[in-house]
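Please describe the fold, the strand pairing and some selected residues of the structure shown here. Keep the account plain, and give the cut-offs behind the terms.

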Amino acid sequence: MQHNWKFPDSALDFPTTYASNKDTFLVESNLSAGDCGYVDDPNDADSSPWFFVTADGHARRIGSFMSLLDAGDYGNEGRSEVIFILEQPEDTEGFVLFDADMRKAASLLWVYH
């Protein structure tokens, strides 16, 4: 099924934004374009996706159905990693840990039956 993801700019909201001392950002987005019903697809535009915005302004989607838990130098190498709680609809929850460049992720997930 093909979706039409066209919506006005005014329908896009950024409820959560975090800035680093390296001029990068983590941004959660929210689409307020009406009730789209039940959303369980992480690729759906209405899944509250998170983006990593680089210092030069390039944005890269890093995931959906997540809440930021903490940022810290867990590897003790002078760079902060970021950990999210994942709560995907239906039955999947867990933690997702990203490296300082938000390129590599490790996850611990569990599924309820």
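**Basis**

This is a predicted model, in which local features need pLDDT of at least 70 and side-chain atom pairs count only at pLDDT 80 or more, while totals for chains, interfaces and linings use all residues. Residues are numbered from 1 along each chain as its sequence is written, and side-chain values use heavy atoms, with hydrogens and water left out.

**The chain as a whole**

The protein chain has 8 strands and 0 helices. Helices (H or I, at least four residues) and strands (E, at least two) are DSSP runs, numbered from the N terminus. Read from the N terminus, the order of elements is β-β-β-β-β-β-β-β. Of the 113 residues in the protein chain, 29% are buried. Here buried means under 20% relative accessible area, exposed means over 50%, and partly exposed lies in between (1.4 Å probe, protein chains only).

The protein chain exposes about 7700 Å², and carbon and sulfur atoms supply 51% of that area. Accessible areas come from the Shrake-Rupley method with a 1.4 Å probe; for residues, only the protein chains shown count as cover. Among contacts in the protein chain with a separation of 6 or more, 24% are between residues 24 or more positions apart. A contact means heavy atoms within 4.5 Å.

Two strands pair if DSSP finds at least two bridges between them.

|---|---|---|---|

Strand E2 (residues 25-31) has 5 of its 7 residues buried, so it is largely enclosed by the rest of the structure.

Threonine 16 is part of strand E1. With a relative accessibility of 19%, threonine 16 counts as buried. Apart from neighbours within four places in sequence, threonine 16 is in contact with Leu26, Val27, Glu28 and Trp50.

**Turns and positive phi values**

The hairpin of E1 and E2 has 5 residues between the strands. Aspartate 23, in the loop between these strands, has a phi near 65°, a positive value in a residue other than glycine. Aspartate 23 counts as exposed, at 53% relative accessibility.

E3 and E4 also form a hairpin with 5 residues between them, and glycine 57 in the turn has a positive phi of about 90°.

Asparagine 76 is placed in the loop between E5 and E6. The phi of asparagine 76 is positive, about 55°, although this residue is not a glycine. Asparagine 76 counts as exposed, with 69% relative accessibility.

**The salt bridge**

Side chains of opposite charge can pair when their charged atoms come close. A salt bridge is a side-chain nitrogen of Lys or Arg within 4 Å of a carboxyl oxygen of Asp or Glu, and by this rule the count comes to 1. Arginine 79 forms a salt bridge with aspartate 101, with the closest N and O atoms 2.5 Å apart. Arginine 79 lies in the loop between strand E5 (66-72) and strand E6 (81-88), and aspartate 101 in the loop between E7 and E8, so the pair ties together parts that are 22 residues apart in sequence. Arginine 79 is partly exposed, at 41% relative accessibility, and aspartate 101 is partly exposed at 37%.

Threonine 92 lies in strand E7 (residues 92-98). The relative accessibility of threonine 92 is 16%, so this residue counts as buried. The side chain of threonine 92 makes a polar contact with the side chain of aspartate 91, at 3.3 Å. A polar contact is a pair of N or O atoms within 3.5 Å; within protein, one must be able to donate a hydrogen and the other to accept it, and residues adjacent in sequence count only if both atoms are side-chain atoms. Neighbours within four places in sequence aside, threonine 92 is in contact with Leu86, Glu87, Trp110 and Val111.

Trp110 is also one of the residues of a nonpolar patch on the surface, which is formed by Leu69, Phe95, Leu108, Trp110 and Tyr112 and has about 480 Å² of accessible area together. Patches are made of residues with over 30% relative accessible area and no salt bridge; like charges are joined within 9 Å, and nonpolar side chains (Val, Leu, Ile, Met, Phe, Trp, Tyr) within 5 Å. Leucine 108 belongs to strand E8 (residues 105-111) and is exposed, with a relative accessible area of 53%.
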